Amino acid sequence: MQVRSVTALKGPNIWANFPVLEAVVDLGKYEDLPTDKLPGFTDRLMEWLPSLIEHRCSEGVRGGFLHRLRTGTWLGHVLEHVTLELETLAHLPVGFGRARGTSEPGVYKVVVRCDEPAFGQACLMAGLELVLAAAEGRTFPLASELRRLRELADKVCLGPSTQAIVSAARERGIPHLRLSAGNLVQLGYGKAQRRIWTAETDGTAAIAESIAQDKELTRTLLRSVGVAVPSGRVVADAADAWAAAEDLGLPVVVKPQDGNHGRGVSIRLEDRGAVEAAFQFAANEGSGVVVERFVPGAQYRVLVVGERAIAASGGDADQVTGDGVHTVTELLALANSDPARGEDSAQLLTTLVLDEISLELLRTQGLGAASVPAAGRTVMIRFNGDLTVDVTDRLHADVAATCVLAARTIGLDIAGIDLIAEDISRPLEAQGGAIIEVNASPGLVMHLKPLHGKPRPVGEAIVDHMFGPGQTGRVPVVAVAGSHRSELAATIIGRFLATAGYHVGQVDAEGVRVGEHWLARGDASRAEGGRRLLVNPFANAFVLHVTEASVLGEGLAFDRCQVALVTDLDEPAPQADDDGPSPRAKALRAAVDVVLPSGAAALNADDPGVARMAAHCKGRVVLFASTLAAPPLAAHLAQGGEAVVHDSGRALLCRGSERSELLDAATLAGARLSGAATNLQDWLAAVATGVALGMTAEAIRSFFVRELGARPAEPREREGAGASAVG
Amino acid sequence: MKFESIRLLRGANRWSDQPAVEGIVTLDPGFPAQRVLAELEARYPELLVRVVAGVPHDATHALFWAHVVARLAVELERSIGADVTLALASPLDAPSEARFVAEYCEEATGRRAVELATELVVAAHEGRSLDLNAELVRLRKLNEDTRLGPSTGAIADAARARGIPVRRLTDGSLLQLGYGAQQRRVWAAETDRTSAIAEAIAQDKELTKSLLATVGVPVPEGRPAASAEEAWTIAQEIGLPVVVKPQKGNQGKGVSVGLRTRAAVMGAFEIAVRRDGQVLVERHLEGSDFRLLVVGGKLVAAAHREPPRVVGDGRSTIAALVALENQNPLRGDDHATALSKLRLDEIGLEMLSEQGLGPDSVPARGQSVVLRRNANLSTGGSATDVTDDVHPAVARRAIEAARVVGLDIAGVDLVAPRIDRPLEETGGAFVEVNAAPGLRMHLEPSHGRGRAVGEAIIDSMFARGDDARIPIIAVTGTNGKTTTTRFVAHLMRQRGLRVGLTCTDGIYVEGRRIDTGDCSGPKSAKMVLGHPGVDVAVFETARGGMLREGLGFDWCDVAVVTNVGEGDHLGMNGIHRVEELAAIKAIPVRRVSTRGVAVLNADDPLVAAMAPLCPGTVIFFSRNAESPVVVRHRASGGKAIIVQRGDVVLADGRLERRLASLTELPLTQGGLVGFQIENLLAAVGAGWGLGLPIEALRFGAETFASHLGTVPGRFNVVTHRDSTVILDYGHNASALLALTEAIRGMRHRRRKVVYTAAGDRRDEDIVRQAEILGGFFHEVYIYEDQCTRGRPDGEVIRLMREGFVRADGSPRIVQLSGELRAIGAAIGGLEPGDLLLCQVDQVELALEFVTGLFRQAESRSVSSLAQLAAAALAALGMIGG
C-alpha cells in the first residue's frame, strides 16, 4: 500500500466547503485483503486507538466504524479514519473524511479535513505506517509518533489562543486568512479586514505594550488613577534591594522591571538572603529590578477585552504534599509526571523546578531537597502558582471595573490583569488587595481550558470586541465560474462593479489586479492569486474567476461568496434527469455551494447542467436565458424565482409572474456593438449578476449607458436598425 | 550666606505664568558683600555686567543677592540657548532674607542653573573660581539629556501651537496630549493608534515584503538564507549584486549592500547573522536611498539619504579626513544634532578595503570615499529634503505600503534612480517599512528645508479645532471652596458627565474616591487630568498648592473665587497682608482661557478687584442686587447672579431670569444660611459660565444639599430629639462670622461650640477667633490638638483664653484634650433645645463618632447621651469627660 500523491485543497472544493487533503492511495495487495481478511488487524488497531469507537462512519452510530472493521472494509477507508483520529489526538478534533474508489482498481482517493497541509500530510503518512503495522502484525511506536505530531502541530498550526479567536470568528461567519507561518491572522476580507496576532488585535497599541512592559511606569500610571498598586521602587543592586525591602516593610516581592509571564519573579521574601538571591534571579532577565511590598492573598488573573472583564482565573502556590516516603525532589518528579505539566506555554501547568528561590523557600520551612516531608504535610515550592481555576462568576463588579480602568489607563484593548487579593468577590480596597501587573497579549489558555471550573468564551469576546453586531468583515465577493464564456463575463462584471463605485480586486485569465493596478499579469494560479488579493486592504469588492482546474487542484480562494455566476459547462447536456453531474459540473458547482444565505447564484438557464446547480444554492437564484422558452425558466418563475431573460432584443427582469424591462433593445444592442463582448449571453450574465448583487435596475442601466457608450432610448426605427445589425 | 527652600513652581504661580525656581537667600551677619561682589566682577566680568546692572539695592541687602542669583541663573540658562527672561527678587520679614525667582524651560536645567548661580557666589565668597565654561558645557549636556528629543519635541511644539496641553509622563519621550477622556499619547514617532501588530510586521522584513507584494507595491526579489553558502546560492539565483541583511532589525545594523563576490556575500551573511538568526538575501537595487514619511495616509516628507563619505584633499589620510569631518559641530554623538559622527569601525574598514583603500590611504583631491553602504543618519549619513520632487504615483505606493503593514506613521524606504518618476519607469522598489521612524532627517535635513512633521502628526491625531481639552473649573477663596466645588461637580454630574473632583477630602472620579487626604493641590489636579475616564474636572484650588508648586493646569474654563475676607493662613510663607493673599487667590483668574469665565464675589472688594486680571469674561455674584460692582458690570452688558427679593436671579446685562426662590434651595436652609447662599451663587455662576441651560442649573440647585453624604464636614446639620448639632470645618474669623450669622437665624435655646484654633495661624488670628466665639456662644469646649503645628503645648489654649477675655460675653469654658473627648463631653451635656457647633478637624473620625452616638441614642432610648459618649470614648481607649 502506498500514497501516490497528496493534494492540499486550501479552500472549498468538490468534497467539502472547507480545506481538505486529498490523497491518492494505491492499496496494492490489500485491494484483495479487506479488514476481515487480516487476522488480528482490528484488535491491534483498536488497542492502539481505542477512541476509534467514537467514529460513527456510515452506520451513523457510535461504534459504527468498528462494525465496518469487523465486517470488512478496505484499508483506504481505514486510513481515512486513522488519519482523522491522529489529527484529533495530536491537535484538534476533526470529523470530516471520505474514501472513494477511482476508475483504477485498487486506487482510492482518501480525503480528510485539514487546515494545515504540512500537519495533515504528516498525520496521513503516520496513519499509513500505523495501518500497515496493524496489517502486518508489527508494533507501532504510537506515543512517540503522537509526540512528534504534537510538536509539528505546535510549530505549524495556529496556537491555542489564536485558534480560539479564529474559531469564534468562523462561528460568526467571519472569514480568516493566515498571513504568516506564525499566528498573524487576517479576519475578514479586503477593506473590511482586521488582524489578530495571538491575543493582540490591530487595535492594540504599541505604546500601551511598551508601558505594560515597564512595571514602574505601569504602577505610576495606575496609582494616578486611583488603582491600588503595591508600593515599591527600582533598585540598583542586591544591597539596595535589601535596603528597599527594609524601607517598604517585609515581606517583599522582587521582580524584573520589564517582562511578563512571571519570569524572574520571587515573592514573599522575608530575609536578606532571600531578597539578595531574588535580586540576582530577577536581574538575570536583563532589565532593571523592582522591589515591592508583598501583598498578602492569592494571585488572580482577570482578562479584560474592550470595556469588559471577560474571565478571571485564580490559583494557589505550587505545592506538593508529603507522603512520609518520598523526598521533596521525588515528590516534584512525581508531580511533573502529570501530562498536564510542561515547559510549553500552551500547557496548563508549568513544570515544577527546584531552583535557588525554591530551595530558599524550603529552608524557611525547615526542609531541604532531600528531606522527606511527613504524610499529608503541604510543602510550598513556589508562590507564583499556576492559574488553573476559573473564578469568573466570583469576580466582584468593583474589581472588574478596576481591572477595566487599569487596562484603559495603560491603553490596552486586551489585557491580562494580575492582581492579588484575599478574596476576589470583595472590592480590593476593602481587603488591601492590589493590581501587580498588566500584561499585553495575555495567554488565553487558562480561560479556555481551566483545570477546574467553566471554560470562558474569550475568543468570542475578542471577536465581538473587533466586529460590531452583524459585522462579518465581508465585502462582496463575486465568483465567476464556467468554461470559455466565463472569462469575458468576469471582465465585464469587474467593470460593472467599478462603475458602481467599488474598488475592485480581480483575478481572471489576464492576471491579478486591484482597480487599475496590476499585481500580476498572465494566467496565474486562480486560488493563490485570489488569496493574495483578499489581503488587499483597499479593495472593497472582488471578482474571482474560478475554473475547473483551479477547483480540482487548489480549492477555492475564498470561503464564501456573495454571488456565484456560472456561465457555461461547454459540454453536452445530461441526457436524463437522474444522470449525475459531470466532473466539470461538480467542480464548478463548488462556487454555488459556498454562496452565502444572504447572497445569490446567477445561473445560465440555457445550459441545463448549469441550471441544475440551483438546488445547491443556499441563497437566492437568478437565472438568465436568451429566450423565455428556456426549459428551466418556467418552474423557477412559477415558484416566484427571479430571472433575466432576453426577449425581442430587450433584457427583461422576471420576478415570478412579473415582467419589467431592464434594458431596452437599443441599449443592449449598443453594448454588444461597443463593448468587449459581442455575445448576448455575456451581457445577460453581467446583468443577472447585477440583479444577484441586489443592484437596482437604475444602477444596471446606468452602467450600460455610461460605461459602454450605448445610446439611451432613441427613436424606434434606429433601435430596430441597431438590433438587426447585430443579427 | 545660605540658600534654602529651593522649590520648583511647575505651573502658573504668584510670580509668573511660566515655570520658575524659587528660593530664599539669607545673609550671615558680617557677610563681606562688597568683597564678594568685587570677586565676582573680577572673575566673570562679562556675566556680572549683565547681572548687576540696574539692581535697585546695595550689596548689603539680601534683596541685592536675591536679584543677583535669579539673574545669574537666567543668564546661565540663556547662554545655553534657553528662552527665559523672568528673574526677580522680593523682600522677606528680615532684611537679611530675600526671595529669588528665576524662570526656567527644563526642570532639571532650571534647578541646576540656580544651583550653579549659588555656587558661583559661594565660591567667590571663599575666594575660589569655578570653571564657568566647563560648567556651561555640563549644563548644556544636562539640558540635552533631559529635554525632549528633536522628534518628540517637534510633536510637543505642534500640539502646544494648537492649544493642546502637553505633559511628559516619563523622563523619556512618552507624552500625554490633552486632558482626561480627551487625552491621547505619543511616544517618539508612535501614537497610541500605532498598532503593535503593525510594528511586529514591520520588524519582519520578509513578511513586510510579502504584504507589500499583495497590494502591488514593488519589492526586490529575494528570500531568507540559512547559511553563508545558501546566501551565495540565492545571490546567484536572483542575480548580482545583492544586499544581505538581518530579517529583523533596524537602523541598518548588520546590512551590507552591493555585494558582488562570493566572499563579500558570505562575509555579509556572517555580519547579519550576528544581529539576528534570520538573514535575507535580496536583489541589490540600483539607485539612491529615499525615505518617505507617511503620516495618517498622507505623504508628509521625503528625504534623499546618502551614505557617509569624505572627500580627499590630496594630502590627508582617510583617518585624518574623518577626524576633521567629525569636528563639524553639526555632527554629534546622539540624535540631537543634524548629523552623527563618522565611524571607521569594522564595517567602515571593510568598506574601505573593498575600494582598495585603508585608513592611512591618501585619496586624491576631490576623490569621494564612501565609508559605509547604508545611508542611515545614525551611522554618519546625510539627508536632503526632496519632498517637493516626489512623483504622485510614488507617493501613492508609499501610502499603500504603510497601509498594508498597518502603520499610521511609517518611514518607507525606497531605492530608485530617481523619485520624480513612477516606479514602473525607474525600476525602483520599496525595501523596508519602519515603525517609529526618526523624524530628524525631515525636521532638520542636512540640505533643503525642514518639514512640518510634528504638525502633520498632530493633525492626524486630532481633528481640526479639537484641542483635546476637558472643561476645567477651579474654585478658590478663603471659605466655601469645598462646598462650591462639590456643588459644581453635582451640576456637572446632572448633565451625565463623568466628573473628576479634587478637594480637601480627597480625589473623586465619578463619585468614587481614588485618593484621600488634602487633595487641593496641583498634583491631585494632574491626576484627574491624566485620568482617562474624566469628562470634566472640578478643582478645589487651595493656597498651599499654588505657593508650593503653582497651578496643576495651564488654563481653566471657569475660575471661581468665593471670598478672601479677613483671610486665613496669614503670616505663613511670608504672606502678611490680605492683599498678598488675594494676589495668590487670583492666580486661577489669571489663567482663565479667553473663552472662559471668572466667577467673582462682588461683595468682597479684594475678589471683585480681580476682574481686570481675567483674560475671559466675568460673572459677578452677590447677595445684594444693588451692589455697585454688579450694577456697573451689568450696565456694560456683563453677567451677574444675584439675590433679588428672595429669588436667585441670573442677570445678563438688563435681561433678568429667575432661577428659583431661596426657600426652594435646600443648601441655604430656606435662605437662612448666608454663606451657603454665596456658595450657591458661586456654583450656579460656574455652571452658567460653562453654558448650562437655566433648567439644568435650577434642577441642580434644587437637588443639592449639604449633608454628610455630599459635603462632609461643611455645615452638616444633624438633629437629635430637640437638640441640633452642626458639624463644620471652618477655622478662621471669616468662617466663624459667617457661621454665627447662620446660627442666629436658627431656632435654639442655648448655643455651644467645640473648637480649637490651628497652631500655625498668627497669634492675633487665634485671639480674634476666640473673641468671636466668646461673644456669641454660651458654652465653649476648647481643646488642644496633638499636632499644635509648631507651637509649644498650651499656647493655643492660652491665646484663645486671651480672646475670650476680650470677648463681648462671658461663656462657660470647658477645657479638654483631644477633639473626640471635647466633642463627647459637649454632646454628653446637650440639653433639649441646645444648638452645638462642632468644629471638626479630623473630619471623618469626628463625623463617624457623632453620627454613631446619635444612632445608638435613637435605638437605645434608655441610655443618656452622656453615658453613650463616655462608653464610646472608653471604647476608643480614651477616658471620657
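Chain A exposes about 28,700 Å². Carbon and sulfur atoms supply 51% of that area. The model is predicted, and the values here are computed from it.

Stay with chain A for its overall build. Its C-alpha trace spans about 105 × 70 × 40 Å along the principal axes. The chain holds 26 helices and 32 strands. Of its 727 residues, 55% count as buried, with buried meaning under 20% relative accessible area.

Next come contacts along the sequence. Take the contacts in chain A between residues at least 6 apart in sequence. Of these, 64% join residues at least 24 apart.

Charge is the next topic. Chain A carries 69 positive side chains and 88 negative ones. The centres of the two sets lie 3 Å apart.

Now turn to chain B and one of its sheets. This sheet is open and has 6 strands, in the order 33-34-38-35-36-37. The pairing is mixed. Strand 33 (716-720) and strand 37 (812-817) of chain B stand at the edges. Each has a single partner strand, so one side of each is left without a neighbour in the sheet. Neighbouring strands of this sheet are turned by 15 degrees against each other on average, direction ignored.

Strands of a sheet pair through backbone hydrogen bonds, either parallel or antiparallel. One pair in chain B shows the parallel case: strand 35 (residues 751-755) and strand 38 (residues 835-839) run parallel. They are joined by 4 bridges.

Technical notes:
Residues are numbered from 1 along each chain as its sequence is written. Chains are lettered from A and ligands numbered from 1 in the order in which they are written. This is a predicted model: local features need pLDDT of at least 70, side-chain atom pairs count only at pLDDT 80 or more; totals for chains, interfaces and linings use all residues. Side-chain values use heavy atoms; hydrogens and water are left out. Two strands pair if DSSP finds at least two bridges between them. Helices (H or I, at least four residues) and strands (E, at least two) are DSSP runs, numbered from the N terminus. Axes are lines fitted to C-alpha atoms, for helices over the stretch in contact, and angles run from 0 to 180 degrees between N-to-C directions. Buried means under 20% relative accessible area, exposed over 50%, partly exposed in between (1.4 Å probe, protein chains only). Contact means heavy atoms within 4.5 Å. Accessible areas come from the Shrake-Rupley method with a 1.4 Å probe; for residues, only the protein chains shown count as cover. Lys and Arg count as positive and Asp and Glu as negative; His and the chain ends are not counted. The place of a charge is taken as NZ of Lys, CZ of Arg, CG of Asp or CD of Glu.
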